[in-house]
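Subject: A structure for you to look at

Hi there,

Here is the structure I promised to pass on to you. Please open it next to this message and follow along as you read.

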Amino acid sequence: MQTRIVLVGLICCSLVSSVKACGPGRGYGRRRHPRKLTPLAYKQYIPNVAEKTLGASGRYEGKITRNSERFKELTPNYNPDIIFKDEENTGADRLMTQRCKDKLNSLAISVMNQWPGVKLRVTEGWDEDGHHSEESLHYEGRAVDITTSDRDRSKYGMLARLAVEAGFDWVYYESKAHIHCSVKAENSVAAKSGGCFPASAQVSLENGGTKSVKDLKPGDRVLVADGEGNVLYSDFIMFLDRVEAVQKVFYVIETREPRKRLSLTAAHLLFVGQESSPGQVLFASKVRPGHQVYITDGDGRRLQPATVEKVYLEEMAGAYAPLTVQGNLVINQVLASCYAVIEDHALAHWAFAPIRMTYAVKSLFSPNDPLMVNSTVQENGVHWYSSVLYQIGRWVLDDAAIHPLGMTWDSS
């Protein structure tokens, strides 16, 4: 018992010192202004991949006509805050998938907030007449071309940024005359992404065995690394996100000899660099061949750099975002951060200090209490604390610090 008390005391002291070292600094207590949004440049698109790839709006699934079975996938949008050009006079521009409708309605609110008296204008929606290029997502009701109601082209760069913020899966400043936006298919396995690992990912346990990440329980001792790159074992605390019955798109990072293979979602953080001690982190979507990641040696006693040979996308089952006391873990023998969306591991680790503190206290006083397990583990979806931190981050951080896909951990 005394050993446990000393341990918790040390953890608490480390958290306090972290708060002092990484605190808000000058200006603490002042109201921060909302973060400044950066307009998109002409011909820029976000995310920076092709529209019909898994990392954006996904593949073309076939043209929808009024006589096809899939026509029921389209729903009309009668939002009075949106102006529909409807030059065909058929109401086609109002028809779209539910996901497209939701994002468009959200954008309409942002436009009115950004420019009082100005509304969102849709010039092209669902196309049934073949006016767009082959395999255009307009044919599926998954794309819209937009302007502002005043047709002020000086606003279009910011309009594109607002579309990104509204959650469109691909936004392109395509023309001086309009912005092109599209979304993933309703049934797309790529429609949900976030900071997770697939269910099949493996962690190393202190007892010498391994366990699938989906089977982790609070208190499991898993292999992690300290700030100097030394491996040790740390408690698994909880899942920041946990969804069992889902297919997601993962970035697969493969190294040269010794060959390792780690799968993680686009916005998840991975330690990279050129030194033997991990420090820099990148979003998984930014990792490229030639980067170095950190893997365990044959005995699993220390980390060593390994060069990334290839990066590709793959669909896999399950989505799990484990949190450890150390804030990182060795998964499939590759060191990864526990955090995502915000490209700052140290800041994220500091922000989750209250969760670690709560776990430490509960472990001290109720180490075997089932209620502790139930109150710590996120059973399904994104943990509420993660959601709150994301909203705060969007308010106070620059765009560059947040992954372009945002926190699309929608688990519904």
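This is a predicted model: local features need pLDDT of at least 70, side-chain atom pairs count only at pLDDT 80 or more; totals for chains, interfaces and linings use all residues.

The chain holds seven helices and 20 strands. It has 412 residues, and buried ones make up 50% of them. If you take the contacts with a separation of 6 or more, 65% are between residues 24 or more positions apart.

**A helix on the inside**

How many of the 11 residues of α3 are buried? The count is 10, so this helix is largely enclosed by the rest of the structure. Among the buried ones are Tyr156, Gly157, Arg161 and Val164. Their neighbours come from several parts of the chain: the buried residues of α3 pack against the helix α2 and the strands β1 (45-46), β5 (120-124), β6 (143-148), β7 (170-175) and β8 (178-182). Just after the helix comes Gly167, with a positive phi of about 105°.

**How α2 meets α3**

In general, two packed helices are described by the angle between their axes and the distance between the axes. The crossing of α2 past α3 is right-handed. Which residues make the contact? From α2 they are Lys103, Ser106, Leu107, Ser110, Val111 and Gln114, and from α3 they are Met158, Leu159, Leu162, Ala163 and Ala166. Sorted by class, this contact has seven nonpolar, three polar and one charged residues.

**Charged pairs**

Side chains of opposite charge can pair when their charged atoms come close.

- Arg142 pairs with Glu140, with the closest N and O atoms 3.0 Å apart. Are these two buried or exposed? Arg142 has 1% relative accessibility and so counts as buried. Glu140 is also at 1% and counts as buried.
- Arg261 and Glu254 meet in a salt bridge with an N to O distance of 3.4 Å. Here Arg261 counts as partly exposed because its relative accessibility is 33%, whereas Glu254, at 9%, counts as buried.
- Glu309 and Arg259 form a salt bridge whose closest N and O atoms are 2.8 Å apart. Glu309 lies in strand β17 (residues 303-324) and Arg259 in the loop between β12 (231-255) and β13 (261-264), so this pair ties together parts that are 50 residues apart in sequence. Glu309 is partly exposed, with a relative accessible area of 35%, and Arg259 is partly exposed as well, at 43%.

The last two pairs belong to a wider picture. Glu254, Glu257, Arg259, Arg261, Glu309, Lys310 and Glu314 are linked in a network of salt bridges.

Best wishes

Definitions and conventions. Residues are numbered from 1 along each chain as its sequence is written. Side-chain values use heavy atoms; hydrogens and water are left out. A crossing is left-handed if the near helix is turned anticlockwise from the far one by less than a right angle, and right-handed if clockwise. Helices (H or I, at least four residues) and strands (E, at least two) are DSSP runs, numbered from the N terminus. Contact means heavy atoms within 4.5 Å. Ala, Val, Leu, Ile, Met, Phe, Trp, Tyr, Cys and Pro count as nonpolar, Asp, Glu, Lys and Arg as charged, and the others, Gly among them, as polar. A salt bridge is a side-chain nitrogen of Lys or Arg within 4 Å of a carboxyl oxygen of Asp or Glu. Buried means under 20% relative accessible area, exposed over 50%, partly exposed in between (1.4 Å probe, protein chains only).
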